[in-house]
Amino acid sequence: MTMRASDAQQKTETFHRLHEGPAPLVLVNAWDAASARIVERAGARAIGTTSAGMAWSLGYADGERMPVDELLAACARICRVASVPVSVDIESGFGDSAQAVREVAAELIGMGAAGINIEDGTLPGTRELASPEVLRERIAAIRGLDARFFINARTDVYFVPWEDPVACFEEALRRAKLYAAAGADGIFVPGMSSPEEIARLSGALELPLNVYAGYAGAPSADAFARAGARRISLGCGPLQSALGLVNRIAAEAFDQGRFGTMGEGMLSVGELNALFPATA
């Protein structure tokens, strides 16, 4: 599916503006067409996908284990039903070279995605950070496709062990600046939860800072905003919560022969069918 260029451009511009508003952009990340429409129905101004959630829903473990064709097919379905901008999490790019990653991004641009989330990550089988040069090259390659396609560059600095927390912060800042220079539009540092560190990092960057809130006990959106965050992602948290509910429904049915949990807050068939009025 290819979206009209004018519609795609409008959504991309809208997505940029959402990072500049009075309040942070909150992304309740989706993993399929139905979850995308549910999130939009609840008031989402944009849709972000969760790579982990998408992989689990398709029967794969997280970590670029799902085939790229399945990723793209799932994203096409989300872009088809969403009326708000869509940003796709492509992990480290689903390709072994900058050119291969560029081709994945080109497919997403063609289906109308407004942006991507792309990470540096760790070396396979290790807890050692990948070289920032790899992501720099990939950002530059994608930037050449479309000057306004929103590239959110994620660094996993806070997901590897550090003896010195100051060194950890400094490495996150160093990588953020490298990715900004390569053409990134935003910086994502999951694992950074200290308001003081968020404030220091956001103050040192010209690009909007994205933080992660997909865990129990996460600070409020207001608290993140006061620290300087401009984008808040729930990531795979919503699907983890939804699957926890399915687990409770199943346990109640099998262990107690009761079905009360299932009936609490369930949407009607009519409500769900109404999410997709263009498909009969």
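Tutor: Ser51 belongs to helix 3, which covers residues 51–57; helices (H or I, at least four residues) and strands (E, at least two) are DSSP runs, numbered from the N terminus. The model is a predicted one, in which local features need pLDDT of at least 70 and side-chain atom pairs count only at pLDDT 80 or more, whereas totals for chains, interfaces and linings use all residues. Residues are numbered from 1 along each chain as its sequence is written, and side-chain values use heavy atoms, with hydrogens and water left out.

Ser51 counts as buried because its relative accessibility is 7%; buried means under 20% relative accessible area, exposed over 50%, and partly exposed in between, with a 1.4 Å probe and protein chains only. Leaving aside residues up to four places away in sequence, Ser51 touches Asp62, Met66, Asp89 and Glu91, where contact means heavy atoms within 4.5 Å.

Helix 3 is also one of the elements against which the buried residues of helix 4 pack; the others are helix 2 (33–41), strand 2 (47–48), strand 3 (86–89) and helix 5 (98–110). The buried residues of helix 4 are Leu71, Leu72, Ala74, Cys75, Ala76, Ile78, Cys79 and Val81. An α-helix has 3.6 residues a turn, so residues three or four places apart point the same way.

Consider next how helix 4 meets helix 2. The two pack at an angle of about 35°, with their axes 8 Å apart; axes are lines fitted to C-alpha atoms, for helices over the stretch in contact, and angles run from 0 to 180 degrees between N-to-C directions. Helix 2 contributes Ala33, Ala36, Arg37 and Glu40 to the contact, and helix 4 contributes Arg77, Ile78 and Val81. Of these residues, four are nonpolar, none is polar and three are charged. Here Ala, Val, Leu, Ile, Met, Phe, Trp, Tyr, Cys and Pro count as nonpolar, Asp, Glu, Lys and Arg as charged, and the others, Gly among them, as polar. Ile78 and Val81, which take part in this contact, are among the buried residues of helix 4.
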